[in-house]
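Good morning, everyone. Please look at the sequence and the model on the screen while I talk.

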Amino acid sequence: MGKPRAPTTSIGPSVSAFSKKPRSAEVAAGSPAVFEAETERAGVKVRWQRGGNDISAGDKFGLAAEGTRHTLTVRDVSPADQGSYAVIAGSSKVKFDLKVIEAGKALVSLP
């Protein structure tokens, strides 16, 4: 006769709440920058940040959520928008960067 066993809970490595993470981007000044993230489940509250501060929807930033898909749009990008951004869901935080290229100096990607 053994002792009753406690329910087992597996505590493994932290799993990301994101199934798709936003990537850093280089965008020409005056263009919009769109960053997309997907969460594992629908209805997850997602926060977007710039420089550690929460972003609110307005003239500059567009925030959208459809099911598991979450989108941040930075409108009319200028050099002032360049920097470090992050998306947060629960305890998962993914950082990414926006680099602004001055109009007329766009880089040409070679295959």
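I will go through confidence, then strands, then the core and its rings.

This is a predicted model, where local features need pLDDT of at least 70, side-chain atom pairs count only at pLDDT 80 or more, and totals for chains, interfaces and linings use all residues. Residues are numbered from 1 along each chain as its sequence is written, and side-chain values use heavy atoms, with hydrogens and water left out.

Confidence comes first. pLDDT is the predictor's confidence in each residue, from 0 to 100. The protein chain averages 86. At least 70 is reached by 78% of the residues. Which stretch stays under 50? Residues 6-14 do. There the model has zero contacts beyond four places in sequence; contact means heavy atoms within 4.5 Å. Where pLDDT is low, the predicted coordinates should not be read in detail. Now the elements. Strand E1, residues 18-20, has the lowest mean pLDDT among them, 95. Strand E7, residues 69-74, has the highest, 98.

Next, the strands. Helices (H or I, at least four residues) and strands (E, at least two) are DSSP runs, numbered from the N terminus. How many of each does the protein chain have? It has zero helices and nine strands.

Five of the strands form an open sheet. The order is E2-E9-E8-E4-E5, and the pairing is mixed. Two strands pair if DSSP finds at least two bridges between them. Which strands sit at the edges? They are E2 (25-28) and E5 (53-54), each pairing on one side only. Inside this sheet, look at E4 (residues 46-50) and E8 (residues 83-89). They pair in the antiparallel sense over five bridges. Find Gln49: its bridge partner in E8 is Ala86.

Now go to E6, residues 61-66. E6 pairs with E7, again antiparallel, over six bridges. Gly62 stands opposite Thr73 in E7. The two strands form a hairpin with two residues between them. In the turn, Gly67 has a positive phi of about 65 degrees.

Stay on E7 for a moment, and find Thr71. Is Thr71 buried or exposed? Thr71 is buried, with a relative accessible area of 13%. Buried means under 20% relative accessible area, exposed over 50%, and partly exposed in between, using a 1.4 Å probe and protein chains only. Beyond four places in sequence, the contacts of Thr71 include Val34, Phe35, Trp48 and Leu63.

On to the whole chain. Of its 111 residues, 29% count as buried. Take the contacts between residues at least 6 apart in sequence: 56% of them join residues at least 24 apart.

Now the core. A nonpolar core is a set of buried Ala, Val, Leu, Ile, Met, Phe, Trp, Tyr and Cys residues joined through side-chain atoms within 4.5 Å. The largest one here has 20 residues. Among those touching the most other members are Phe35, Trp48, Tyr85 and Val87. Which elements give two or more residues to this core? They are E3 (33-39), E4, E7, E8 and E9 (92-101). E9 gives the largest share, four residues. Val87 is worth a click. Not counting residues up to four places away in sequence, Val87 touches Phe18, Pro22, Trp48 and Phe96, among others.

Last, the rings. The structure holds four aromatic pairs. Rings of Phe, Tyr and Trp (its six-membered ring) pair if their centres lie within 6.5 Å; planes under 30 degrees apart count as stacked, over 60 as edge-to-face and the rest as tilted.

Start with Phe35 and Tyr85. This pair is stacked, at 6.2 Å centre to centre, with 25 degrees between the planes. Phe35 is in E3 and Tyr85 in E8, 50 residues apart. Phe35 is buried at 1% relative accessibility, and Tyr85 is buried at 1% as well.

Why is the pair of Phe35 and Phe96 called tilted? Because the planes are at 40 degrees, with the ring centres 4.6 Å apart. Phe96 lies in E9, so this pair ties E3 to E9 across 61 residues of sequence. Phe96 is buried too, with a relative accessible area of 2%.

Ring pairs link Phe35, Trp48, Tyr85 and Phe96 into a cluster. Thank you.
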